[in-house]
Amino acid sequence: MLWLFLCLYAATAWSFSAFIDNYITDVIFKNKTPQAMKLLNGPIYLLVAGAIALFAGLEHTELGQTGMLILSGVLSSFASIPYYLGLKHEEATGAAIFYQIIPLIYLVADWLIFGESITGQQILGFLIILAAPAIVIFSRKRAKSRRTEMAAALLFILYDVLVVSSGLISTHFSEGINFFTMFFWYLIGRGSCNLLLMAINKPWQERFKYIWRRKRKPFIISVGINQLIHTTAEFAARAAMILGVAALASVTCNTTELIITFVLGIILSLIWPKFGREKIHRHIIIAHLLATVLAVVGIIILQ
């Protein structure tokens with residue numbers, strides 16, 4: 001059951017991180033090139049990797065295995081680009097809805113690439129879970145153009161595909177080594193890619209300099225706290241996927257995150273509007289409650 005507790009922690013941490021991401025994107029960066037924060041969070045990933053090597057130690061890995069684990073981190077680094085672009089048009093709870101597609105991608109990828117079998121019970125469980133975000137989406141009153149909503153949806157789907165690719169690589173190429181070694185190389189890949197992307201992107205550099213001059217203190221505090229929360233969540237989620245079935249661990253993390261994000265969104269919207277920023281209406285709450293029930297039923301069927 002350790003994988004389940006790890007999933008619950010990851011979901012809770014990701015929920016908090018999503019609202020901090022929204023705050024950084026909307027309040028600090030004013031929806032202008034939030035990817036520039038890579039220049040700060042890249043070194044944080046490398047520092048955490050150094051701490052793992054120092055305190056946990058590393059096991060020997062083959063060159064090809066090392067390269068694939070680094071690639072896992074690189075794909076996660078690229079995934080953050082469509083993620084932050086999508087946040088320009090979507091709130092935290094809206095983004096969490098699209099994460100429900102991730103477990104389905106895991107299931108299909110395991111079947112196509114690794115020959116894993118799919119049972120009728122699994123298909124039923126995933127269909128019920130997919131109905132949850134559909135209910136929330138269709139419960140919304142259209143406040144944005146269809147083109148804007150479609151752009152945000154495609155960006156989050158691209159994010160989902162990159163996240164699944166990264167997760168599958170780290171899961172299937174970590175055989176024979178301990179988890180800390182796998183996570184070390186993942187962080188090396190992600191942190192290094194962040195810095196490389198910043199080095200070749202002049203607009204991101206200029207935006208970083210501007211934010212650094214104008215909003216240095218809130219920028220450092222929010223990004224620093226968020227990065228530590230997000231990194232521990234990734235640690236827990238990837239450990240859960242290795243300990244259990246990747247698709248099941250993923251659906252547990254993402255569905256739980258959807259529930260926590262919605263509840264947290266209401267609370268923060270009432271006490272701290274800059275972080276919450278959710279529209280609290282009766283039909284939206286009812287839709288989320290119904291979606292939550294369906295998501296829980298789907299998880300029970302999968303188990």
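Phe219 touches Ile28, Phe29, Met37, Leu40, Phe208, Ile211, Trp212 and Gly224, when residues up to four places away in sequence are not counted; contact here means heavy atoms within 4.5 Å. The structure is a predicted model, in which local features need pLDDT of at least 70 and side-chain atom pairs count only at pLDDT 80 or more, while totals for chains, interfaces and linings use all residues. Residues are numbered from 1 along each chain as its sequence is written, and side-chain values use heavy atoms, with hydrogens and water left out.

Phe219, together with Phe29 and Tyr83, has the most contacts inside the largest nonpolar core, a set of 72 residues. Helix 1 (residues 2–28) supplies the largest share of this core, 13 residues. A nonpolar core is a set of buried Ala, Val, Leu, Ile, Met, Phe, Trp, Tyr and Cys residues joined through side-chain atoms within 4.5 Å. Helices are DSSP runs (H or I, at least four residues) numbered from the N terminus.

One cavity of 30 Å³ or more is found in a search of the whole structure. The largest cavity holds about 550 Å³ of space. Its lining comprises 32 residues, of which Trp14, Tyr159, Val163, His230 and Glu234 are the closest to its centre. A cavity is a set of points, on a 1 Å grid over the protein atoms alone, where a 1.4 Å probe fits but cannot get out; lining residues have an atom within 4 Å of a point. Grid points are joined across faces, edges and corners, and the volume is the space filled by probe spheres set on the points. Helix 10 (216–243) is among the helices that each supply at least two lining residues, and helix 10 gives the most, with seven.

Tyr159 lies in helix 7 and counts as buried because its relative accessibility is 15%, buried being under 20% relative accessible area (1.4 Å probe, protein chains only). Beyond four places in sequence, Tyr159 touches Ala79, Pro82, Tyr83 and Tyr99. The C-alpha atoms of Tyr159 and Leu75 are 9.7 Å apart, although 84 residues separate the two in sequence.

Gln65, in helix 3 (residues 63–87), also counts as buried, at 15% relative accessibility. Apart from neighbours within four places in sequence, Gln65 is in contact with Phe173, Ser174, Glu175 and Ile177. A polar atom of the Gln65 side chain lies 2.9 Å from the backbone oxygen of Phe173.

How values were computed: Buried < 20%, exposed > 50% of the residue type's maximum accessible area, 1.4 Å probe, protein only. Polar contact = N/O pair within 3.5 Å; in protein donor to acceptor, adjacent residues only side chain to side chain. 1 Å grid on protein atoms, 1.4 Å probe; cavity = no way out; pocket = protein on both sides within 12 Å on 5 of 7 lines; lining within 4 Å.
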